[in-house]
Amino acid sequence: MIHPENSEEYQGLTVNGGVEQPTQVNPYLNRQRFARRQMTVSDYVEGILKGNTSVLGQAVTLIESTNPAHQQMAQEVIEKCLPHSGKSIRVGISGVPGAGKSTSIDEFGIHVLKAYGGKLAVLAIDPSSEKTKGSILGDKTRMEKLSVHPNSFIRPSPSAGSLGGVARKTRETIILCEAAGYDKIFVETVGVGQSETACHSMVDFFMLIQLAGTGDELQGIKRGIMEMADGIVINKCDGSNVEKSQLAASHFRNALQLFPMPESGWTPEVLCYSGFYALGIKEVWDMVYRYIDFVKQNGYFEHRRAQQARYWMYETINERLRHSFYQNPTIEDMLVAEERAVLDGQKTSFVAAQQLIDSYFRLLSDNK
């Protein structure tokens, strides 16, 4: 019997009158030849530093994995890439669903690449289903221009229910993108909610996209969201909606005057534009770069970056403690019993939680 790997067909060649001719690739050969070699930390780092988008994408997948071995490798990759990061401008973009974030980002990105050059990475966070944990991940389909641009990298990621989508893994992805040479980072949040707090803690400029003519202009004037915004832009300022957009912008400017001066010393601006017709895009990004120049000159840029690093140190501690608690085998068994006791009305939620936490700390003490 001739094994496939010993046959001449396996080698992709056959002899015909002394002339070597290529033949159809054997399926066995195809599987063996193109089987992926297990990548090492050095492979990931080398590929990322060379700007290889395929390797960068695989590294982001590694970060998103819940496999403990993958998580450990991902942290090693991030640690080696960290010295090569930090040289980008990070812009967070948020707004209510339907505000046109993805369409606007497509136009914003093309303008920034044409006007300022360099490379752009877009981290689009897609909302996950609370029931199935699945995501559509359709943001890339709405960024038709950027998706084919050679200097852009678009990464849609499922939110997995974490702070509305923007969490520690997104910040780690930013580090990898910067190490790969992307000097402009856009982070698109799911929508108005808790995700804004997390997004604000990892970007240099936080942009809030609003709409006019929907009857909820005042509803959009929320103190927390407004205080986080470094700039507010009113989308769909075109056609018969121009006057409504300008009126909404006036309302937002008046509302901003009621808030104390931001720590940055920058007074947030309110502008109108049309993402669909690409009107006013230049003015929006002139504002963004005016802000960057302003905070770099007064020292707030580096101060904000340092504050963000501290914030994510504590967030990482909280996440690791949470993970350690829920992954403890003894606690996993106890959780089932305590949950049943709560559902049956035998214990209150607070008592059950306290007993679980006390048991967890006793287990840690016994393992010393």
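Predicted model: local features only at pLDDT ≥ 70, side-chain atom pairs only at ≥ 80, totals over all residues.
Local features were taken at pLDDT of at least 70 and side-chain atom pairs only at pLDDT 80 or more, whereas totals for chains, interfaces and linings use all residues. Residues are numbered from 1 along each chain as its sequence is written, and side-chain values use heavy atoms, with hydrogens and water left out.

Two or more lining residues come from each of β3 (89–95), β6 (184–188) and α10 (281–298); helices (H or I, at least four residues) and strands (E, at least two) are DSSP runs numbered from the N terminus. The largest contribution, 3 residues, is that of α10. By class, the lining comprises 7 nonpolar, no polar and 1 charged residues, where Ala, Val, Leu, Ile, Met, Phe, Trp, Tyr, Cys and Pro count as nonpolar, Asp, Glu, Lys and Arg as charged, and the others, Gly among them, as polar.

Helix α10 also packs against helix α11 (residues 300–327) at an angle of about 85°, with the axes 5 Å apart. Axes are lines fitted to C-alpha atoms over the stretch in contact, and angles run from 0 to 180 degrees between N-to-C directions. The two helices α10 and α11 are therefore roughly perpendicular (65 to 115 degrees). In this contact (heavy atoms within 4.5 Å), Tyr291, Ile292, Val295, Lys296 and Asn298 of α10 meet Tyr300, Phe301 and Arg304 of α11. These residues divide into 5 nonpolar, 1 polar and 2 charged.

For helices α12 (residues 329–343) and α13 (residues 349–366), the packing angle is about 165° and the axes lie 10 Å apart. The pair is therefore roughly antiparallel (over 145 degrees). On the α12 side, the contact involves Thr330, Ile331, Met334, Leu335, Glu338 and Val342; α13 contributes Ser349, Ala352, Gln355, Leu356, Ser359, Tyr360 and Leu363. The contact of α12 with α13 contains 8 nonpolar, 4 polar and 1 charged residues.

Conventions. Parallel < 35°, antiparallel > 145°, perpendicular 65-115°, else oblique.
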